[in-house]
Amino acid sequence: MVALGLSLTLFVTLAGIQTSLSSEIDKSVPKVAPNLFILDVPSGQDAALTQMVTKRDAKAELNIVPALRGTVVAVKGERVTPETARESDAFLLRGERGVTYSATLPEGSELTDGTWWVANYTGAPLVSLDAEQAKLLNLTVGDTLTVSVLGREIEARIASLRIINWDTMGFNYVMVFSPNTFASAPHSLTATVTLPDGPSVAAQEVAITRDLLAQYPAASVIAVDEVVGQVRTLLDQMAGAILAAASITILAGIAVLVGAIAASAQSRAYDSIMLKVLGGTRRQILAVQAIEYALLAVALAAIALMLGIFAAWFVIVQIFEFGWSPDWLTIGLILAGGAGLTLIIGLLGSLPLMAVRPAKALRGL
């Protein structure tokens with residue numbers, strides 16, 4: 001029962017993880033994700049890029065943003081050292097990060113503190129920072145952040161804090177600067193393309209990709225569907241590996257259970273004979289055996305459910321930080337299958353005992 005319980009717990013854990021991840025992908029990607037990511041388009045090509053995409057589909061939506069790379073070198077005037085970066089929980093301090101500028105609040109962001117700068121702002125550099133990173137660095141509106149971009153260190157005052165909705169799968173920058181900060185700096189453009197749903201979406205993606213690469217050979221185009229497909233393939237491969245390991249465990253559990261039934265055959269034969277002597281029918285004796293194994297199966301399923309669900313929840317919520325949305329029907333079918341297997345094995349082991357003749361058995365006692 002322990003071996004069967006462990007294998008059934010593995011199956012429940014796998015089902016909870018796999019169905020929750022699939023549900024997360026199904027709920028998020030089709031609704032909010034763009035169809036294409038475009039990287040490394042030369043600056044100043046905003047209008048040409050828009051015209052090229054809308055020529056293929058007039059209803060296509062583009063989000064074009066400038067892209068630079070920067071490293072945080074000082075926080076509130078204090079230099080960031082390698083030791084500081086390692087000890088801090090803020091990933092903002094570790095290595096280069098994406099940097100952009102915008103006259104308006106970016107898509108997928110919500111202001112929590114401060115205000116956004118005016119469209120024609122020309123004063124000292126300002127920056128809008130992710131609220132979570134600001135909390136980890138103990139930063140508030142009015143503090144300063146120094147970033148090294150293209151070898152030049154720029155100290156900017158924090159004008160606002162934002163909550164970033166990372167689930168949009170769009171361009172979500174932790175640091176967004178006022179336009180006057182980097183407008184004259186060499187940089188490239190990045191863009192997302194969202195196409196209306198329809199049977200020709202795949203063909204439109206191919207056509208737009210072909211046009212873009214022909215016009216901008218150095219650009220890179222990423223199809224979201226392919227990425228999601230690769231994620232699903234990896235999940236299926238992980239599920240297959242865990243399923244194989246769990247299958248070996250459950251086979252070992254079956255072997256152990258069969259051995260336990262065989263080892264207790266003599267005592268169970270004695271119990272069956274006594275029940276027959278006392279007037280018990282074959283159906284009644286089998287019913288008693290069924291009740292016994294049914295109780296064992298229920299206890300097995302209950303423990304496997306608790307342990308498996310907790311393990312799956314921990315992986316999904318605490319490690320992956322996704323929403324908890326398993327397919328309870330799939331988990332229920334797995335539990336029912338495990339409990340049913342236990343019951344069937346137990347009853348099959350009890351059938352030979354029904355063929356023992358009471359008189360012959362009593363003479364052998």
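Contact here means heavy atoms within 4.5 Å. This is a predicted model, in which local features need pLDDT of at least 70 and side-chain atom pairs count only at pLDDT 80 or more, while totals for chains, interfaces and linings use all residues. Residues are numbered from 1 along each chain as its sequence is written, and side-chain values use heavy atoms, with hydrogens and water left out. The chain has 11 helices and 11 strands; these are DSSP runs numbered from the N terminus, helices being H or I with at least four residues and strands E with at least two. Of its 365 residues, 40% are buried, where buried means under 20% relative accessible area, exposed over 50% and partly exposed in between, with a 1.4 Å probe and protein chains only.

**Whole chain**

- Among contacts with a separation of 6 or more, 81% join residues 24 or more positions apart.

- Thr-13 belongs to helix 1 (residues 2-32) and counts as buried at 14% relative accessibility.
- Leaving out residues up to four places away in sequence, Thr-13 touches Gly-308, Ala-311 and Ala-312.
- A polar atom of the Thr-13 side chain lies 3.3 Å from the backbone oxygen of Gly-308. A polar contact is a pair of N or O atoms within 3.5 Å; within protein, one must be able to donate a hydrogen and the other to accept it, and residues adjacent in sequence count only if both atoms are side-chain atoms.
- Gln-204 sits in helix 6 (residues 201-215) and is buried, with a relative accessible area of 17%.
- Not counting residues up to four places away in sequence, Gln-204 touches Arg-56, Asp-57 and Leu-195.
- Gln-204 and Asn-35 are 169 residues apart along the chain, and their C-alpha atoms are separated by 9.9 Å.

**Nonpolar cores**

- A nonpolar core is a set of buried Ala, Val, Leu, Ile, Met, Phe, Trp, Tyr and Cys residues joined through side-chain atoms within 4.5 Å.
- In the largest core there are 27 residues, and Leu-129, Met-175, Phe-177 and Phe-182 have the most contacts inside it.
- Elements giving two or more residues to this core include strand 2 (61-75), strand 6 (126-130), helix 4 (131-136) and strand 8 (152-164). Strand 8 supplies the largest share of this core, four residues.
- Apart from neighbours within four places in sequence, Phe-182 is in contact with Leu-68, Val-99, Tyr-101, Val-149, Ile-154, Phe-177 and His-187.
- A second, separate core has 17 residues, among them Leu-49, Met-52, Leu-195 and Ile-208.

**Helix 2**

- Leu-49, Met-52 and Val-53 are the buried residues of helix 2 (residues 46-56). They lie on the same side of helix 2 because they cover an arc of only 90° around the axis, the arc being that of the directions from the helix axis to the C-beta atoms.
- The exposed residues Ala-47, Gln-51 and Lys-55 are on the face turned away from the buried side of helix 2.
- Strand 1 (36-42), strand 2, strand 10 (188-194) and helix 6 pack against the buried residues of helix 2.

**Aromatic rings**

- The structure holds six aromatic pairs. Rings of Phe, Tyr and Trp (its six-membered ring) pair if their centres lie within 6.5 Å; planes under 30 degrees apart count as stacked, over 60 as edge-to-face and the rest as tilted.
- The pair of Trp-116 and Trp-117 is tilted, because the ring centres are 4.3 Å apart and the planes are at 35°. Trp-116 and Trp-117 are both buried.
- For Trp-324 and Trp-328, the ring centres are 6.4 Å apart and the planes are at 85°, so the pair is edge-to-face. Trp-324 is partly exposed at 28% relative accessibility, and Trp-328 is partly exposed with a relative accessible area of 48%.
- Phe-310, Trp-313 and Phe-314 form one aromatic cluster.

**Positive phi values**

- Asp-40, a residue other than glycine, has a positive phi near 60°. Asp-40 is in strand 1 and is partly exposed, with a relative accessible area of 41%.
- Lys-76, also a residue other than glycine, has a positive phi near 55°. Lys-76 is in the loop between strand 2 and strand 3 (78-79) and counts as partly exposed at 39% relative accessibility.
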